[in-house]
Every structure is written in C-alpha cells, then in structure tokens.
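Here are my notes on the model, point by point. Have it open as you read.

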Amino acid sequence: MSHKPITLLAVAAGAMSLVACPANSLLESGQPVAKAPASVTSECAADLSWLNSSTLPTEVPGNKTICNLEQFMWQSMLALVQPTSDPNLLQFETWMPSYGIFIKDGTPTPWGQEPPTSCTTNTKSPAAGGKTPRLYTDIVKQAGSDQPLIDLNGELVYYSMTVNQSAYSMITSCQLYQANCAGPLKPGNKGIDLITKYPNLAYPDTAVELKTSWMVLDAAAVASGRYYVVPGLIQFKDSPCRQVSLGLTGMHIVSKTPSFPAMIWATFEHRNNAPDCSNTSAAPPLGGAWNFYNPACTGCTTNTYQPATPAQVCRMHPQGDSAVGTFPGGVDCNVDPNQFACQDKTRTMLAESTLAINAINISVQALIKANPGRINGVWANYELVGNVWTTNGVTPPYLQAQQGSLSAANTSMETFVQNGVPAVSNPYNCFSCHNMAGPTEGQNLPPAGLSHLFDEVQMPGGCTNGALPTACSPYIGGN
C-alpha cells in the first residue's frame, strides 16, 4: 500500500496547560489495595518472536486470562510498528485515515491510495530534516472534554485515527460514510433506522481501529532518540500549514475478535508523558523532562484545561485501577465501599490487572533492549497503561461485565477526563462512551455503534431505498 498521511478523530477512553503550578493532591481511597490471589504471579511474559513479526493476532491466546489479554495487546502493538516493504513506513502508517473515508463529496479513497488533504507547504522545517511529510493531522481537540492539550513548549498536541483494511471494507461496503446509511450511528442524524432494521450490524472479527497522539518536537527532542519521530504536516483551523517533526506520545488500539464482540480497548503511552499524581516528584524514567508535567511549577492545577496555557498533567489511576486515587465527587471507597470499584471481587481483579500490565511491560522492554537487531529500540520507551474488555462476549458492555483497567485513560488523549465527568462515579473508561446507547433511553445501537468513527459522516444521501446495500450482507448478522 502506498503511503498516506493520517489524522485523528480523538475518541475518549472515558468520555476523552510553562507557568507556576498548587497541583491537586491525589487522595488515596483510604483502604488497603486488594492483593491478587496467590495463584497469580508477576510472570506475564512477552514472546521473542513478537519483536519482528508483522502478523496481527486475531484472537486472545490461552485461557483468555487477564495476562493473555495484555499479551494480545502488546503483540498487536509490536506487529503494528514493524517495517513494510517501504523502509520508511511502518505497518500502522499504511492504514486508512478517517478523513480518507468520511468526505463531503465523492467517494472514499480506494484502499492503498493516499487521500488528498488541503494542507500544503513549500517550506520544509529544519526540525523535520527537510524530509517528505509522512503524517497529516489538523485535529487538536480531545474527545469528551472537547479541549486541546498544550505541551510545555506551548505547542498543541495533534491526533490521528486510522482503520485496517477489514474495518475499511465494512464501512465502505455498507456505505456508512453516507448520512442516510449511517443513520443513528452518527448522533442526531436521521436516515435508516438501523436499531430496528439492522440490530446486529457489526464490524468483522478482524477489524482494528487505531488512534494516536503526537507532540511537536524541537531539534533537541528529535536528537534525544526517546521518541518515534515522523516528519508531518499540521494545521490548526485557518493557520498556515506547517511541516514539523512529530513524536508519538500515545496510541489506542481497539481490536475485535470472535471472543470479544465488544472489542478490546487498550492504550499505550510514551513513558515520559506524566508522573503518577501520587508521586509527582518522581524523575522521568527515560531521563530528560516529562512531556506534560513541569516540576518547577508552583501555582498550577493538574489535569485542568486553561486556555493558551501549558497543561500540568499527572496520571490519576495508574494502570487504570479505579479503586485508588481521587474519586468523582470524593465518593471513594471509604465513603461508599459497596460501589463496584470497591467490592472485594473487583479490587482483586484490578490488582491482578495491574500486576499483569507491569509484568508484560517489563518483559517487552527487556526483550527489546536485549535484541537490538530485531526491532527499533525506541519501542522500549513506550508502555501499556490500560486495557479493558467485557467477559463472556457481553454486549452492550454494561459495568458488571467489564474487566481489566476499569479506569483506563491516556494522559495525552483523555487528559482532562481521566476521572470521568461531574456526577459520574468510578469506574470510568472507554466503555463509558462506547456503550451502544441509542438516541433515546432504553435503545441500543447495533454493535457497530461502539465505534465513534461515524461522528465524522459528512456526505448526505445514500441508501435511498431504505436498505443497506447488498454488499453489506456479511456484516448484518442474523438480521
């Protein structure tokens, strides 16, 4: 597939500011953290073969334990960052960006072709080394909060979203890029009543969506070797198009498998993004400075958007453990020990999840460092920070069926909604928004509605006979 630029519709994992900083203190739950059962060990290991395999796993291995889910996602991540036949491109950089599918006029860009953009420039930034741009993005607002993240240099963070060929084929075969066909998959949109006519409309079991976050790097940051860097074109509103060096700071991977129809929602981050709120004095693990936290700040408020001001970011729920840290409205486990996040069974599961995430991160990083000839060592600078799914193939993904990182959030993508939103109590994660809720209470969208890609639908018309096209038949299930 020829190279194409990529962009992001940021989708929240929950719903989704260099000045002086009082940082909000992290209030612990006041209760001892539940221990994982004795049968659970810290051995959740990576496999050496993952380091140079571009084959995406299509199902969670083994008995589908929590460790198996973390292994599935790290294997997926490593497959996505393998080189292609073009040495300048990685696997994930060949996927179709959302703007190549959801356009106002015409048809989606054919798979394998580069979609056009309005962002062009004759100026090559010295920081980008004068190289041909490999990524385009003009999206700066995070989902959920609808606010931008501003880094410590005063630059906006940019976002991108792409899909693999399996997801692309479903969207285009069903013509879901047209308003009438997409119906209620796009909030507030009219069109076919998919809820009644196609209640089982779903992505195929091999579909994957990818969301990424990127910060603008200066020459020193590029030279540090800490980031995966690409030359990119960025544009904010009507400002001139700029060519810059972009460093990867976050990645959501959303995968559908036969056993997980509600999909598996994992998120990775650069290890220098932000400290835990409970330990803001910690040094960045990769040396240098934090990407989004300034320890010299004496008057900043953490995780709060302030216009035209660099954000002061810390991680509220490490490894997505919703039983520790601040709770919405202060309703922690001391105040309400019966809430789902505080129940013994849930806390035990969360402890096991944290154990597995930490173990697999250590294992992958050690393998990468020990095998420099197999994979670019930069990938040891990234880590899995959350992963959530439902048990027993449950859809819709109601709370009691959720497992893994119940407060999974990415500090570069869900910065301001890590703890949910006012009046919403823990847990709060990807499924809080990606929940199949229909336009009215008591209605559920078909499973395809778990994706918020369809927010981008622009093209009017389509499906004038009130039915999805015949080519969509493989995706409508038992309708």
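1. S255 stands opposite I264 in strand 7. Strand 7 covers residues 260-270 and pairs with strand 6 in the antiparallel sense, over seven bridges; two strands count as paired if DSSP finds at least two bridges between them. The two form a hairpin, with two residues between them. As for the terms, strands are DSSP runs of E with at least two residues, helices are runs of H or I with at least four, and both are numbered from the N terminus.

2. A word on the source: this is a predicted model, in which local features need pLDDT of at least 70 and side-chain atom pairs count only at pLDDT 80 or more, while totals for chains, interfaces and linings use all residues. Residues are numbered from 1 along each chain as its sequence is written, and side-chain values use heavy atoms, with hydrogens and water left out.

3. Back to strand 6, which has other partners too. Strand 4 (residues 208-217) pairs with strand 6 in the antiparallel sense over 10 bridges, and L210 has I253 as its bridge partner there. Strand 5 (residues 229-234) is also antiparallel to strand 6, over six bridges, with I234 opposite R242.

4. How covered is strand 6? Mostly: 15 of its 16 residues, in the run 242-257, are buried (under 20% relative accessible area, with exposed meaning over 50% and partly exposed in between; 1.4 Å probe, protein chains only). For the chain, buried residues make up 57% of the 479. The chain has seven helices and nine strands.

5. The C-alpha atoms of A409 and H252 are separated by 9.7 Å, although the two are 157 residues apart along the chain.

6. Last, the second largest pocket. Its lining has 22 residues, and R271, D276, P285, Q319 and E383 lie nearest its centre. Helix 6 (344-370) and strand 8 (382-390) are the elements that give two or more residues to this lining, and helix 6 gives the most, with five. A pocket here is an open set of points on a 1 Å grid over the protein atoms alone, where a 1.4 Å probe fits, with protein on both sides within 12 Å along at least five of seven lines; lining residues have an atom within 4 Å of a point.
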